[in-house]
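Please look over the sequence and the structure shown here before reading on.

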Amino acid sequence: MTDFKFLKNKTVGVVPVPFSGGQPKDGVDEGPIRLVEFGLLDQLKELGWDVDFAGEINNFQHLRPQEDPDIGKLKKPRYVSRVNEAVSKVIQGHAAEGKMVLTLGGDHSMAMATVSGTFAAHPDACLIWVDAHADINTPESTDSGNLHGCPLSFLLGIAGEIPEFSWIKPCLKPERLVYIGLRDVDPAEKRILKEHGIKAYSMHEVDRYGIGKVVEDALKHVNPNLDRPIHLSFDVDALDPTVAPSTGTPVRGGLTFREGHYICEAICETGCLVSLDIMEVNPSLGDEVNLYQTVTIGCSLARCALGETLL
């Protein structure tokens with residue numbers, strides 16, 4: 001069993017975040033509920049983890065403002081900010097106690113919370129972002145205004161001054177971020193990646209070098225001595241839609257089943273993982289077969305990251 005060097009105990013704090021406010025499609029808020037219903041918590045216990053789970057899944061409706069007009073292009077900005085701020089405190093609390101943190105999304109705007117909370121407890125951490133999309137648009141560059149495409153600009157401190165998001169500290173440095181699996185990147189995002197020298201491995205590199213070499217090089221970039229905690233944020237749309245169809249923004253040509261799981265296995269093997277996101281599972285998209293396929297893969301990605309091996 002992997003020795004997780006930055007944890008104080010073999011406890012995983014599970015934080016379900018049934019939130020869909022960062023994008024327009026209903027249903028992604030059901031993702032955490034289905035992951036729990038499909039037995040994820042018991043599966044983690046079978047791997048030897050103590051599971052710290054409150055026993056109920058809050059829906060955050062009490063944080064929804066009565067009025068939430070756009071700020072510039074940004075949609076539902078106050079709602080997204082309030083929920084992220086609340087969740088970040090929960091995540092920081094778990095991480096500060098030396099637990100592994102597993103956040104179940106929900107849309108990827110929640111990375112504002114997961115990264116902020118993790119980095120508050122582990123300020124020297126690095127971030128591995130597995131996704132079809134870069135999610136680094138700024139409030140100026142976004143075309144859609146959907147905040148699930150913007151979290152990294154806030155975390156890097158390049159989003160500009162927006163009072164509603166002033167709680168987010170620019171905790172992330174460009175050299176501590178690496179992407180794996182990109183294949184649908186806006187022109188403005190490409191410019192941002194180049195301007196800030198952010199390392200990104202697209203599906204082109206996965207095809208050319210293989211997933212083993214890509215993960216090895218990604219780790220060498222953000223964590224060369226394996227002496228930094230790792231936060232892994234995994235959007236299931238990084239996987240090809242034939243593998244994980246029930247997600248809001250699928251893009252053909254993604255990671256295979258094994259490539260996705262290898263990433264989780266290899267990061268687990270480093271012993272550096274402290275926090276994991278499984279994001280953008282949307283049970284309302286597709287039929288029952290699609291739902292079963294996607295939710296079970298979300299569970300198995302989490303198990304691999306937390307120590308399940310093939311042998």
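## A covered strand

Strand β1 is mostly covered, since 7 of its 7 residues are buried, where buried means under 20% relative accessible area, exposed means over 50% and partly exposed lies in between, with a 1.4 Å probe and protein chains only. Helices (H or I, at least four residues) and strands (E, at least two) are DSSP runs, numbered from the N terminus. This is a predicted model, in which local features need pLDDT of at least 70 and side-chain atom pairs count only at pLDDT 80 or more, while totals for chains, interfaces and linings use all residues. Residues are numbered from 1 along each chain as its sequence is written, and side-chain values use heavy atoms, with hydrogens and water left out.

In a regular strand the side chains alternate between the two faces of the sheet. In β1, Thr-11, Gly-13, Val-15 and Val-17 point one way, whereas Val-12, Val-14 and Pro-16 point the other way, and all of them are buried. Two strands pair if DSSP finds at least two bridges between them. β1 runs parallel to β2, to which 3 bridges join it, and Gly-13 stands opposite Asp-52 in β2. β1 also pairs with β3 in the parallel sense, over 6 bridges, and Met-100 in β3 is the bridge partner of Val-12.

Helix α3 (residues 77-96) has 20 residues, and the distance from its first C-alpha to its last is 28 Å, close to the 28 Å expected at 1.5 Å a residue; the expected span is 1.5 Å times one less than the number of residues. Among the buried residues of α3 are Tyr-79, Val-83, Val-87, Ile-91 and Ala-95, and also Arg-78 and His-94. The buried residues of α3 pack against β1 (11-17), β2 (50-52), β3 (100-105) and α4 (111-121), where contact means heavy atoms within 4.5 Å. After α3 comes Gly-98, whose phi is positive, near 80°.

Helix α8 (residues 211-222) has 12 residues, which at 1.5 Å a residue should span 16 Å, and this agrees with the 17 Å between its end C-alpha atoms. Its buried residues are Ile-211, Val-214, Val-215, Ala-218, Leu-219 and Val-222. These residues lie on the same side of α8, because they cover an arc of only 130° around the axis, the arc being that of the directions from the helix axis to the C-beta atoms. They pack against several elements, including β4 (126-130), β5 (177-182), β7 and α9 (257-269).

## His-231 and its surroundings

His-231 lies in strand β7 (residues 230-235), and it counts as buried because its relative accessibility is 0%. Its side chain is joined to that of Ser-275 by a polar contact of 3.0 Å, a polar contact being a pair of N or O atoms within 3.5 Å; within protein, one must be able to donate a hydrogen and the other to accept it, and residues adjacent in sequence count only if both atoms are side-chain atoms.

The side chain of Thr-114 also makes a polar contact with the side chain of His-231, at 3.5 Å. Thr-114 lies in helix α4 and counts as buried, because its relative accessibility is 0%. Leaving aside neighbours within four places in sequence, Thr-114 is in contact with Ile-91, Thr-103, His-231, Asp-277 and Met-279.

## Nonpolar cores

A nonpolar core is a set of buried Ala, Val, Leu, Ile, Met, Phe, Trp, Tyr and Cys residues joined through side-chain atoms within 4.5 Å. The largest has 56 residues, and those with the most contacts inside it are Leu-102, Ile-128 and Ile-278. Helix α10 (residues 288-305) gives the most to this core, with 8 residues. A second, separate core of 44 residues includes Ile-91, Leu-152, Leu-172 and Val-185.

The peptide bond from Gly-105 to Gly-106 is cis, with omega near 15°, and Gly-106 has its place in the loop between β3 and α4.

Two residues other than glycine have a positive phi: it is near 50° for Leu-226 and near 70° for Glu-280. Leu-226 is found in the loop between α8 and β7 and counts as partly exposed, because its relative accessibility is 30%. Glu-280, in the loop between β8 (273-279) and α10, is buried, with a relative accessible area of 3%.
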